[in-house]
Amino acid sequence: MDGAAPLFRMEGISKRYGGVRALEKADLTVTAGGIHAILGENGAGKSTLIKVMAGVVAPDEGMMTLDGREVNFASPAAANQAGIVCIFQELSLIPELSVADNIVISDPPKRFGMIDRRAQRRIAEQALARAGASDIHPRALVKDLPLSRRQMVEIAKALARKPRILILDEATSALTAADVAKVFEVLKRLRSEGLALLYISHRMNEIAELADHCTVFRNGRNVASYPAGSKSDNEVVELMIGREYSHIFPPKPGSAPAAAPVLEARNLSWADRLDKISLSVRAGEVVGLGGLDGQGQRELLLAFFGVLRGLRGDVLIDGKPVSITSPTAASHGGIGMALIPEDRKTEGLMLPMTVRENLSFAALDRLSKAGIIDRAAEQRLIDDMVGLLAIKTAGLDIPVGALSGGNQQKVVIAKWLMRQPRIILLNDPTRGIDVGTKQELYQLMRKLADAGAAILFYSTDYDELIGCCDRVLVLYDGAVKRELVGDGITEHALIASALNIHGDDTRIGLGGKA
Amino acid sequence: MKDWRYWLAEQRGTLLAFGIFIVMFAIYSANHPAGFTANVVQTAANKGVLLAFVAMAQTLVVITAGIDLSVGMIFTLTNCMASWLVIGTGLETAFGVLAVLGTGLLCGAVNGAIVIYGRLQPIVATIATGAVFFGLALLLRPVPGGSVNEDLADFLTGRFFGVVPASLVALLAVVLVVWVPFSRSELGRAAYAAGSSETAAYMSGVPIRRGKFLAYTLAGLLAAIGGLFLTFFTYTGEAAYASGNAYTLFSIAAVVLGGVSLFGGKGSAIGAIFGALAFRTIGDLLFVFDFDPLWQPLFQGVILLIAVSLGAFALFRVRNRLEWFL
């Protein structure tokens, strides 16, 4: 690293949002031909740092140099022009336009002043191939693609702009394991072509596999910079959170509770996505859903929550068959179900509305008398929730969109806890949130189970399933392939059954891509 | 999926509007006492293109996820202006036409500037500017009157080769000169992108403001072309408040019939043109069936509801209820 002249340098960058310091005299040096990992909790200043680099926000003070010359970016377009391209965590694709339209969006090829559709198609196909996603049709509309495909389009789009510095902000969080492997190959090739890559991820194993150099951020400043592999995971996590990284998972109760099942499914099928699923969840139990991403886990949760039409098979609550036809029906009455959705920004929160309003939405019927909201009761319940979940907010009357990702997720959870649900469905609730908040969520989950809730928990992170669940059902192709119990929940068993490989002695070289 | 399937999916709204129009027009001409003759087609075309121009104007703004409640008033204002200016020698007439179109561009640019740089909601901004445009129209023509170069008017409302309605040819020419380049230009795509997801478009470095500004400005131009044709048909100018407002509202109906999404980012002016023609035909159906004119608004409303519902049939096939909201 030391031999090469820095391609890009940030010095003494500060940025304030209202009274909150997001960045405090932060420095960063980026060299060509390397992958530089940025680590830090949510709210540590990583996102702001990237936004400054990519021209989305202007710094209050500090200097940026590219090739030794000072630069200032007035807009994302200006940063793109200088060769800095960012793949944002919040996708920057336009849903109603086609994949090809999106890939060339910032600089479409033109002929006689009009967009040359043939050239556009060619560029799009090349970019998709380069990103290892030739399976995506350039004419497909982005809104029709699943999240993981969209993320691949996002990567192709970035590559089509021929960047010198490519920033990936949690770019793999929605990808399937197979896609992650492809993306990693692409990134390594780009590095050998002399690009500078900035890689931001909460997944330590990805960083271990990719990074050449790491910088840790905490409270808006860079606290440590070191060559990759020179510190242990535990040291790194301590740098990030400034406290001991142990006992991240709460202890599990020894034996499974003997209570009767609260939630049951018998031969549940839907379209070609769910295939005769039978399961049961008891009160006080945390049951995990494992497997590769996109094997029907999300659909299963949506089926329970009354979102899917045309279900076959039975859903039983307290042993009695029920027909749940909408989320309202699922959350009301004798059922008392809550679903913490996957995408908090679209399915969990009304971003421009206040924290208070968002917290009350799911419980308004319980807080109202004759249709009028009882403000005092609402306040009491909200105070309880803010305390219980330790939600960090500057006030209850600010837009929920202004909170950090981890705190937004807490609001989504708190919103449902206000109904005191008996059955809690969680759809990958820790995606893209920081270690500290994750730990709090694990403890909360166990606390709720101990208080008698039945919890069904889907996660793409195997460590979480191992650490949190009493039982794990591994799905493959819409069917339950295997049930792991207690000490039988190991990474090895999870991966083997996720790939639908039988026999526990099979050695699988998946390593970091779980 | 094959390429043609994607094409079909992209054109679904336009094709549906085309289908509705064909069915309506077939019923209309089959029951018309004179049948499917050049005369019937010419009359229908002349009535239809007025709304078609205004609907095209509305489409451009709706694509950016905005709405233009002043299109009808730009249409009225330019009609009043044309009744003063589009007259005299060939040169004077040509100057008049340019002045009328320039006025439309200016009105659209004012709307765009207020919405984009003044950051006002399109619905409020255009209600206000619409009132201003109508006020100007009223000053120009306190009472109906004026005249127009009748040679030009007759030429553009007559028939080419005795069969092809000239107004339809003019409509086609405007599509080729205004809509096609717009929809294929970088700024046109920026307008779509801004309508579909403004944040994503901004993050991608799309020239959102210029794209939206162009959309509003061209909307003014298209409404002015409509106003010009109104003058050619009526030979006069009239600051008619009710008619201006009706055109604004009908243009929104036509746009929806034409498969343009009011949420922005989706649809085409071609669809809106068929939507407008279909909407006009609905009104005319009444006459061929010899209904009491009192029934016209009711009848028109019911047919419109049915036609708009056709586009919603796809929702019955949705098996994941979350897709209702996409």
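This is a predicted model: local features need pLDDT of at least 70, side-chain atom pairs count only at pLDDT 80 or more; totals for chains, interfaces and linings use all residues.
Two strands pair if DSSP finds at least two bridges between them.

**Stop 1: a hairpin in chain A**

Select residues 213-218 of chain A, which form strand β11, and residues 221-227 of chain A, which form strand β12. The strands run antiparallel and are joined by six bridges. Now move to the turn of the hairpin, where two residues lie between β11(A) and β12(A). In this hairpin, A:N219 takes a positive phi near 50°.

**Stop 2: helix α16 of chain A**

Select residues 435-450 of chain A. This is helix α16, with 16 residues. From its first C-alpha to its last the helix reaches 23 Å, close to the 22 Å expected at 1.5 Å a residue.

**Stop 3: where chain A touches chain B**

Show both chains. Here 30 residues of chain A are in contact with 26 residues of chain B. On the chain A side, the elements that give two or more residues are α2 (76-81) and β8 (114-115). The largest share, three residues, comes from α2(A). By type, the chain A side divides into 17 nonpolar, seven polar and six charged residues.

**Last stop: confidence**

Colour chain B by pLDDT. Its mean is 90, and 96% of its residues reach 70 or more. For the complex, the predictor gives an ipTM of 0.81 and a pTM of 0.75.

Technical notes: Residues are numbered from 1 along each chain as its sequence is written. Chains are lettered from A and ligands numbered from 1 in the order in which they are written. Two residues are in contact if their C-beta atoms, placed from the backbone, lie within 7 Å. Helices (H or I, at least four residues) and strands (E, at least two) are DSSP runs, numbered from the N terminus. Ala, Val, Leu, Ile, Met, Phe, Trp, Tyr, Cys and Pro count as nonpolar, Asp, Glu, Lys and Arg as charged, and the others, Gly among them, as polar. The expected span of a helix is 1.5 Å times one less than its number of residues. pLDDT is the predictor's confidence in each residue, from 0 to 100.
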